[in-house]
Amino acid sequence: QVQLVESGGGLVQPGGSLRLSCAASSVISGRDTMGWFRQAPGKQREVVARITGGGSTNYADSVKGRFTISRDNAENTVYLQMDNLEPEDTAVYFCNARILTALGYRDYWGQGTQVTVTS
């Protein structure tokens, strides 16, 4: 049982920054991968960034060098620092927790937070 709540979205000018937070209701294992996805109108949900329990990260090519994902297992929180935002980054951003169990992985999702980048 995992509940995820995102926060930090909003309206920002191109080139600006936002920091998204995702608070988990349950303890996040160091073996569990956390991530951020986004979905723009009319488009499929796509992965933005992932971080493993060991701290390894992976980013979509479109955000590499601009976004930074991090996690604080003690606080059950995952962050996404977004710098140099572009209009193409406009989307609803969803927090994802991929929880490993004895039966395999299970994905949990937050409700999403809106990020709008516009002049």
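Partly exposed describes a residue whose relative accessible area lies between the buried range, under 20%, and the exposed range, over 50%. The views below are taken from a predicted model.

**View 1. A salt bridge joins Arg98 and Asp107.** The side chains of these two residues meet with N and O atoms 2.9 Å apart. Arg98 has a relative accessibility of 27% and therefore counts as partly exposed. Asp107 falls in the partly exposed class as well, because its relative accessible area is 31%.

**View 2. Salt bridges with shared partners form one network.** Five residues take part in this network: Arg38, Glu46, Arg66, Glu86 and Asp89. A search of the whole structure finds six salt bridges. Side chains of opposite charge can pair when their charged atoms come close.

**View 3. Arg66 and Asp89 pair through their side chains in a salt bridge.** The N to O distance in this pair is 2.8 Å. Arg66 lies in the loop between strand E6 (57-59) and strand E7 (67-72), whereas Asp89 lies in the loop between strand E8 (77-82) and strand E9 (91-101). Arg66 has a relative accessible area of 9% and is buried. Asp89 is also buried, with a relative accessible area of 1%.

**View 4. Lys64 forms a salt bridge with Asp61.** The closest N and O atoms of this pair are 3.2 Å apart. Asp61 has a relative accessibility of 67% and so counts as exposed, since the exposed class begins over 50%.

**View 5. A disulfide joins Cys22 to Cys95.** The structure holds one disulfide, and the S to S distance between Cys22 and Cys95 is 2.0 Å. Cys22 belongs to strand E3 (residues 18-24) and Cys95 to strand E9.

Methods: Residues numbered from 1 in each chain as written. Predicted model: local features only at pLDDT ≥ 70, side-chain atom pairs only at ≥ 80, totals over all residues. Heavy atoms only, no water. Salt bridge = Lys/Arg side-chain N within 4 Å of Asp/Glu carboxyl O. Buried < 20%, exposed > 50% of the residue type's maximum accessible area, 1.4 Å probe, protein only. Helix = DSSP H or I, 4+ residues; strand = E, 2+ residues; numbered from the N terminus. Disulfide = S-S within 2.5 Å.
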